[in-house]
Amino acid sequence: MVARRIKMSLAAVILPAFVLALWALGSAKGFIASYLMPAPWDIAVSLYNFLISRGQETSGGGFIVHASATLYRVGLGFSLAAVLGLPLGLISGRSRRFASVLDPSVQLLRSVPGISWLPLAIIWFGIGTTTSVFLISLAAFFPIYLNTMQGVHDVPLVWLQTGRMLGAKRSIAWKVLIPAAMPSIETGLRLAMGVSWAYVVLGELTGVNTGLGAIIMDARIAGDPSKVIIGMISIALLGRLSDLLLIWILGRVPGHRKEAKVIG
Amino acid sequence: MDKDPVSKISNIGLTVISISVKLNTGTATSISIIDQISFHAEPGEFVCIVGPSGCGKTTLLNVCAGFTKSSSGMVLVNKRTVCCPHPSRAMVFQQDSLFPWLTVEQNIMFGPKCQDNREADSDTYIDLVGLKGFEKYYPHQLSGGMKQRAALARVLINKPDILFLDEPFGALDAQSREEMQDVLLEVCYRTHTMALLVTHDVEEAVFLGDRVLVMSSRPTRILADIVVPLDRPRAWDVREDPIMSKLKTKIRALIAHPDYVKNSQTEENSILV
């Protein structure tokens, strides 16, 4: 069992290792121009410096400063989306009347690409955290709302009948409806977390001083591809970590299906 | 048997008084599903309902349990009018109705928790249905028969006045079905619970029931009310009893050829109605 798992992990490494080897070879032999794609070791050195630096490395501070600014925006935007999306999705999924009022407008808004809100958001909120948070919560709202609505709508009638027959009255929403819709709700939240990371970068590309997106944009202006790549790696790592954190939290919510194997 | 259920209102048990259910199709005419059905079941009695498929057996059960409103008529359980689902009127469904996010034990304790009943002891009922050792299992880890055992324990813990069963073993294989029939008989006998069971399996109806109500096709009426003259407790080998096979034949004939049976006035059929 353990040997098998090690084998599986090794299998996952083969492809990246191969690409890395090609890249290192190309850089060493001079086939890859360093102003387009720096050598892997150069990036490693820059990444190390970025991680430990505290000073005025590029635009106002090291990794901790930028990462915490980005995390704050993601956290706030995602939370806003969840606070709005969960209850609205819940009611829309159960009340046809409520859905007939709200849902057409939501679907109309959804067909507007999130990116196209950027100019308007800058006009409204200026350049800074508010714009990022607005874009994130707008974009993350839809997967949460839609999946919650669908999940709640699809709860088998027999579970609701069982709940009522066993004596649940008002509490049936907490005791049956939400746990029953939990797999869909979890999917919606995880999708929204991914969307949040995409939109935080969009918000930060517009000239804010802090944030991992700002690092990328500054590095582009400075013509420093290794810094761009460091920014990308940081975003990927934090995005993955936040997904794992979300899975961990969701696994502890009452109603989580123990048999449901989390994929990814 | 008393043919007029109205006179039984003052009695305890299940009393169904001229229940009709019409399906509103939106047009001027509505489809009649159930047409003025009346019957009475004594406390502790086990009544089975059989009939052609699509005849409204499940609808009748849903009306009795309070899940469906009838167009007219009323249902009383122990002198109380049925208006909505209630823990005192338990229902076991054909499909798997256990909550997949709860363990067997948590599923069984769902009812007592909803009613703030702290005295309820899940172990007694887990033992009763033979699920000892599976308390911490989740439904997906159980077989179909074990799931129905858990579903049975989950409603029995509320000490219901009556048990409604809607083809509870219809989705099980033949072997588990017989096993579950034995469990159900045992449980009802020991807890002295009144039961109303809908089934399409004539053998099941005769084996389990004190009485078998044979329904007509839509609009549903009671074709025959047949008393099963077999003693209780019934052991598994009662299935081979000659009385059973005789009754089974009659009921099958009633379901398949109601007019033919009604018109033939032989001694054989005098037991009907």
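Across the interface of chain B and chain A, the rule finds 0 salt bridges, a salt bridge being a side-chain nitrogen of Lys or Arg within 4 Å of a carboxyl oxygen of Asp or Glu. The model is predicted, so local features need pLDDT of at least 70 and side-chain atom pairs count only at pLDDT 80 or more, while totals for chains, interfaces and linings use all residues. Residues are numbered from 1 along each chain as its sequence is written, chains are lettered from A in the order in which they are written, and side-chain values use heavy atoms, with hydrogens and water left out.

Turning to the contact itself (heavy atoms within 4.5 Å), 25 residues come from chain B and 19 residues from chain A. In chain B, B:Phe67, B:Trp101 and B:Phe110 lose the most area to chain A, together 31% of what that side buries. The two chains bury about 1900 Å² between them, with 71% of it on carbon and sulfur atoms; buried area is the accessible area (1.4 Å probe) that two parts lose on being put together, summed over both.

The cysteines can be looked at next. The count comes to 0 disulfides over all chains, where a disulfide is a pair of cysteine sulfur atoms within 2.5 Å. For B:Cys84, the nearest cysteine sulfur is that of B:Cys83, 3.3 Å away. B:Cys84 counts as partly exposed because its relative accessibility is 33%, whereas B:Cys64, at 0%, counts as buried. Here buried means under 20% relative accessible area, exposed over 50%, and partly exposed in between (1.4 Å probe, protein chains only).
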